[in-house]
Amino acid sequence: MAPGAPQGTPVSGASGGVPDRGPAGGAWDKGLSGNSVGLLSSVVLGVSTVAPVYCLTATLGPTVTAVGVQMPAVFLAGFLPMLLVAFAYKELNKDFPDCGTSFTWTVKAFGPRVGWMAGWGLTVATIIVLSNLAGVATDFLYLMLGEMTGSSRVADLDQNQAVHLLTVVLLIGGATAMSYRGMTATRWFQYGLVGLQLAVLVLFSVIAIGKAAAGELPDSIGFSASWLNPLEVGSFSAFTAGLSLSIFMYWGWDTCLTMNEETLGSSRTPGRAAMTSMVTLVGSYLLVAIAAQMFAGVGSTGPGLGNPETSDNVFAALARPVLGSPWSVLLFLAVVASAAASLQTTFIPVARTLLAMSAYRAVPPRFGAVHPRFRTPGYATAAAGAATAVFYVGMSLISEDVVEDTILALGLMICFYYALTAFACVWYFRRSLRNGPRDLFLKGVAPLLGGVLLSGVFLQTLTDAWDPEYGSGAVLGIGSVFVIGVGILLLGAALMTGYGLVRPEFFRGETLRRDTPALVVED
């Protein structure tokens with residue numbers, strides 16, 4: 001904020017430049033459009049970023065392979081650490097609403113370097129997810145077109161690498177442009193896509209349960225309450241593998257928080273929206289998991305959810321058996337809508353994290369540029385889009401195995417920055433934990449337990465990833481997923497060290513400290 005400017009007023013970032021330095025020890029007004037997002041819009045953004053239909057079609061099969069009929073229980077277990085971490089986000093946001101979220105709060109708790117690595121973890125995870133979303137959207141786009149035209153040649157266009165990569169780049173470009181214009185310009189588009197996803201999931205579930213209950217399907221199985229008991233999972237290793245997958249299914253709810261500086265009631269509404277989003281997601285996941293399991297069973301052949309030939313794309317295999325023709329196209333449309341909606345909204349956390357890091361001088365100032373008309377972090381959004389396209393095309397040209405291994409390493413990044421944020425909450429509020437039972441639980445016990453659970457998943461995943469069998473192969477005898485995951489974190493540490501030598505202000509604690517007051521924006 002420019003010296004002498006009242007808090008809550010736009011700064012030079014709102015005119016297309018980068019934010020000016022705030023008053024000594026003060027927070028930064030980054031030039032975003034305040035009070036432009038309400039509770040409903042924030043909930044829709046949270047659900048949209050998670051992409052529930054895409055997550056389900058990609059995760060139902062692998063989860064069944066890991067834990068069998070206990071899939072619904074693992075989905076519930078994955079919800080628990082996310083819920084506990086959400087309490088941390090809610091309390092931290094209430095005290096210091098800042099679009100940098102994990103980065104900003106971890107800096108205030110543990111200092112510049114730990115906070116920078118939290119920001120790096122979020123940024124890299126988002127780039128990986130964006131590239132994967134674009135790839136899935138392309139796959140299902142051609143499947144949907146093939147279903148609509150009745151032409152296998154159209155559906156097979158996706159097998160042509162040049163066509164596939166060109167379509168991916170075009171989708172990334174379109175999503176970048178829409179995100180560049182801001183969420184308020186595409187609000188109704190998001191409402192429609194999220195509404196379509198949830199409606200199709202309910203329709204699929206109702207029909208699947210009805211057909212399974214009729215008793216005419218050879219592979220169907222009757223519902224059992226034991227499906228919801230995580231203690232019946234065969235082994236701890238299997239439970240951890242399933243839990244890692246289910247945690248990925250909830251990733252993205254924190255988008256509600258990264259919009260805090262643009263939300264009406266910035267200290268309260270984002271936290272409420274995050275909780276509402278997560279309840280919506282866990283309800284949808286449990287309904288679909290139970291319905292799909294009842295309909296198809298968990299066998300490794302035919303329509304069974306454990307069939308390795310269809311496990312990476314369950315809805316493609318179940319669309320016609322459940323919905324029939326021509327209604328099966330609705331499920332393909334829902335997956336495309338899910339990936340497309342998430343592709344747009346997933347730019348929000350990475351762009352606003354980079355904006356905050358720039359505002360506090362943790363990355364180059366250019367990332368702090370805010371578009372004068374749309375009031376969005378334009379440069380950061382465009383840079384994220386370009387990085388996503390380059391990453392996906394580059395990795396695809398090297399090897400499809402490298403793409404898959406990078407996606408497997410994604411869970412490490414997610415657990416890494418979520419756990420850091422949870423621990424940051426406990427340490428940040430450590431002096432107020434004796435104020436009463438509420439503060440002790442919401443600011444201490446819940447975040448600490450969430451951080452411990454995610455740290456356990458992180459360490460177990462590292463242990464499993466050491467084995468070459470976990471991914472596509474080995475590098476010097478070490479599993480490729482381990483090498484990629486740890487390599488990404490070490491790359492971040494190297495970039496942080498290099499930038500600290502060039503621009504040391506942030507790393508000396510001159511731009512963001514524990515006692516930096518929150519920016520007050522009028523509701």
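Close-up 1. Arginine 438 counts as partly exposed because its relative accessibility is 40%, where buried means under 20% relative accessible area, exposed means over 50%, and partly exposed lies in between (1.4 Å probe, protein chains only). The model is predicted, so that local features need pLDDT of at least 70 and side-chain atom pairs count only at pLDDT 80 or more, whereas totals for chains, interfaces and linings use all residues. Residues are numbered from 1 along each chain as its sequence is written, and side-chain values use heavy atoms, with hydrogens and water left out. The side chain of arginine 438 meets that of glutamate 91 in a salt bridge at 2.9 Å, N to O, a salt bridge being a side-chain nitrogen of Lys or Arg within 4 Å of a carboxyl oxygen of Asp or Glu. This pair links distant parts of the chain, with arginine 438 in helix 18 and glutamate 91 in helix 3, 347 residues apart. Glutamate 91 is buried, with a relative accessible area of 2%.

Close-up 2. Lysine 443 counts as buried at 12% relative accessibility, and aspartate 439 counts as buried at 12%. Salt bridges that share partners join Glu91, Lys94, Arg438, Asp439 and Lys443 into one network. Helices (H or I, at least four residues) are DSSP runs numbered from the N terminus, and the expected span of a helix is 1.5 Å times one less than its number of residues.

Close-up 3. A search of the whole structure finds 21 aromatic pairs, for which rings of Phe, Tyr and Trp (its six-membered ring) must have centres within 6.5 Å, with planes under 30 degrees apart counted as stacked, over 60 as edge-to-face and the rest as tilted. Tyrosine 89 and tyrosine 418 form an edge-to-face pair, 6.0 Å centre to centre and with 85 degrees between the planes. This pair links tyrosine 89 in helix 3 (residues 71-95) with tyrosine 418 in helix 17 (residues 410-428), 329 residues apart. Both tyrosines are buried, and Tyr89, Trp105, Trp253, Tyr417 and Tyr418 form one aromatic cluster.

Close-up 4. A search of the whole structure finds zero disulfides, a disulfide being a pair of cysteine sulfur atoms within 2.5 Å. The sulfur of cysteine 55 is 14 Å from the closest cysteine sulfur, in cysteine 415, and this is too far for a bond. Cysteine 256 is likewise in no disulfide, the nearest cysteine sulfur, that of cysteine 99, being 15 Å away. Cysteine 55 counts as buried at 2% relative accessibility, and cysteine 256 is buried with a relative accessible area of 1%.

Conventions: Helices (H or I, at least four residues) and strands (E, at least two) are DSSP runs, numbered from the N terminus.
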